[in-house]
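Open the model in your viewer and keep the selection panel at hand.

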Amino acid sequence: MPTTIRLTEPHLPVFMTIGADDAYRITEDHTQELRYTMELLRAWQFSDALSNITRSHALGALMAACAEHNQGLRHEATLGLIHPYAVQLAIYFISALPKELPDPECGVDRDGEVNLEWFGAKGHLLTLSISGTGRIAYAYLHGDQHERGAIRMQEQLPARLVELVGRFK
Amino acid sequence: MDVKKSTIKYPKSPAVEVIYHVQTALPQVGDMGEVSRVLTKEMKGFLAPEPFSLYKQTMGTTGNGPAQFQVEADQTGFKFTDKAKQHVVHMLRNGLVVNWLKPYPGYGKCLPKLKGYWKTHERAFQPDQVERISLRYINQFDLPLDQKRLRFRDYLNIGPRMPTSAGVKLRGFHQVLDLYNAEKGIQGRATLMSLPPQNDKVPIVLDIESSMKPIGPGPALWTGFDALHEWSHEVFNLSLNDRCRQLFD
Amino acid sequence: MEDEETIARYAFFSDEVRADGTPRPKLFEPDKHHECSVFRTDGLTATEIQRIGDEVVSPNYGKLPYGHCDLFVGQVRHQVHMQVESVEPPTHHACIRGYAADKSAWKLQAAQLSQQAALFVRFRG
C-alpha cells in the first residue's frame, strides 16, 4: 500500500493542497482526494485563463486518457487497472510544476501507470510513468544522449525530473 | 449624478477572462452528428470545432477488489475557438458557454454576440427551457511586495487576516465567499486566492461568479444578464479598495 | 525479414500519437508477452493495410484503429538494437522483441522506436 506523503512543494498553489479532510497530504484515501480534484476541475473546465494557472487542460487530457483506457479494459484483458494513487500523484506532479515549465502530454501505459511526456525537436523527449506505489520510471532522449531511471515520489517533485522538464521550456 | 461603477473602464483592466453561461434543460436534439451539421453551417470564423466532454468519476473499488480509478467521458457538445484565440464558444447539450479572454471588449460589445450565439444554440439543440444564467469575471492582478512584505488589507477589503506574530507567517490563501441578493434573486461566489509569490509581487486571482434563474424566456434573459453585470461590479468594488483600484489605472 | 521491409504498428488509443502525427512511446510498449505486435505491409495497398487493422487486429480492442505508423525493420535492428521476427498466423504478422525487463529500460526502447517511426497515417477523419 502506498504511504502517505506530506507535500511541501513551494510551487504548489494553495487551492491544490486543500483536501476534504487534510491539508498538504496525499492520502491512502484516494476517493476523497480525487473527488475534490474532480470538483475543482469541473469549476475550471470552462475557463481558459484559469486553465493556464491550474493546468486544467493537461488535467483534462489526463482524464480523457483514463476514460479511454477504462473503455479499453472491457475488451483488452491485458491492459492494467489504473491505480487511484497514480492519478493523485500525476495530478500533484502536473500542478506543482513551476509556472515557467510547459504542460506535459498525458496518457496511460498499457499496464495502467499514468504517463506524462514532453516533446522537443525530433529526437528530444522525456517520458515518465507513475505507478500506484509512487515509483516513477523515466526515460530521456536527446539525439545520441539518453538517460533512464526510477525515482520514488517524495515530499517535493524529484529535482532531476524538474531539471529535465526544464529542457523543454 | 453618480457614474455607474459598471461603466468604469480601467486602462489596465484586471479581467483576464469573462464567461457568460446559459444553462438549459431538455434539448430536443441529441444526435451529435445533426448538431455538428447545424453548427458547422452557422459558426463561421472559428478554428475547427473540438468535441467537448465532461468527465465523471465512477466507483473506485468494489468489495475486496483491487483499487481502480474509473472515469467516464460524456461528449456533451463542441468547443469553437476563434482564430486569434481570444474568444471561445462552447455549444453544449446542456447549455451555452461563451468566454472572452483579455483584452475584454466590454459588456456592451459582448452582449449582442452572445444573443447571436444563443440563436445558433437554440437552432442546434432546441432546448425546452433555460434553467439558469450566470456571469463570471476572472480577475488577476499583482500586489507589490515591499522588501518582501505585503499587508493584504492595504489593498483588499476581503481576504485573509492574520495577527502579527514572529512565529507564524502567512504564505498563501484561498477564500470563498458565498454571496447573494435576495431581492433580485442573485446568488454569487467570490473566490479570492493567492498564487505562488514571485520576486517582487504576489499574484492574486479574484473570481466573481453570479447566477440567477431568469424570470422568463426571450428578453428576460438579457435583462437578467444586465442585473448580473451590475451586481458583479458591485462585488468587485466592495472587494478592493481605492489603493488597489489605482493599480489598474 | 529484410532490413528494407516496412512494418506497421496500428494505433488504438488517442494517447499513442501526438496531435501533429508524431508517434508517442506508448505505441511501441510491449504487451504482456513482452513483445510488440506489428504487420508486414510491403506490397499491400492502403486499403489492404486498413483492412488488416479493421478485421484482424481490432477484435482484440473492441474498436477500429485510428491509423498506423510505419518503420523499417533495419531501424529496429540497427538503431534500437532489437529484433523483428515473423510470427504467423495471422498472415503478415510479426513481433518486435528484445525488450528489457526493467520498466525504465523498456520505456527507453519504446521511446527510441517511436522516434524512428514515420508520421501517423490516419484511417478516418
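Two residues are in contact if their C-beta atoms, placed from the backbone, lie within 7 Å. This is a predicted model, in which local features need pLDDT of at least 70 and side-chain atom pairs count only at pLDDT 80 or more, while totals for chains, interfaces and linings use all residues. Residues are numbered from 1 along each chain as its sequence is written, and chains are lettered from A and ligands numbered from 1 in the order in which they are written.

**Stop 1: chains A and C**

Select the contact between the two chains. Chain A gives 28 residues and chain C gives 22 residues. On the side of chain A that touches chain C, the elements giving two or more residues are α3 (56-73), β3 (105-108), β4 (114-119), β5 (124-130), β6 (135-142) and β7 (145-152) of chain A. That side of chain A holds 9 nonpolar, 10 polar and 9 charged residues. Here Ala, Val, Leu, Ile, Met, Phe, Trp, Tyr, Cys and Pro count as nonpolar, Asp, Glu, Lys and Arg as charged, and the others, Gly among them, as polar.

**Stop 2: the sheet of chain C**

Two strands pair if DSSP finds at least two bridges between them. Show the 6 strands of the open, antiparallel sheet of chain C, ordered β4-β5-β2-β1-β3-β6.

T6(C) has F72(C) as its bridge partner in β3(C). Y10(C) is bridged to H68(C) in β3(C). H68(C) also has a bridge partner in β6(C), V121(C). β3(C) and β6 (residues 121-122) of chain C pair antiparallel over 2 bridges.

**Stop 3: E16 of chain C**

Go to the loop between β1 and β2 of chain C and pick E16(C). Is E16(C) buried or exposed? E16(C) counts as buried, because it has 24 C-beta neighbours inside 10 Å. The cut-offs are 20 or more other C-beta atoms within 10 Å for buried, 12 or fewer for exposed, and partly exposed in between. Beyond four places in sequence, E16(C) is in contact with A11(C), P23(C), R24(C), K26(C) and L27(C).

Conventions: Helices (H or I, at least four residues) and strands (E, at least two) are DSSP runs, numbered from the N terminus.
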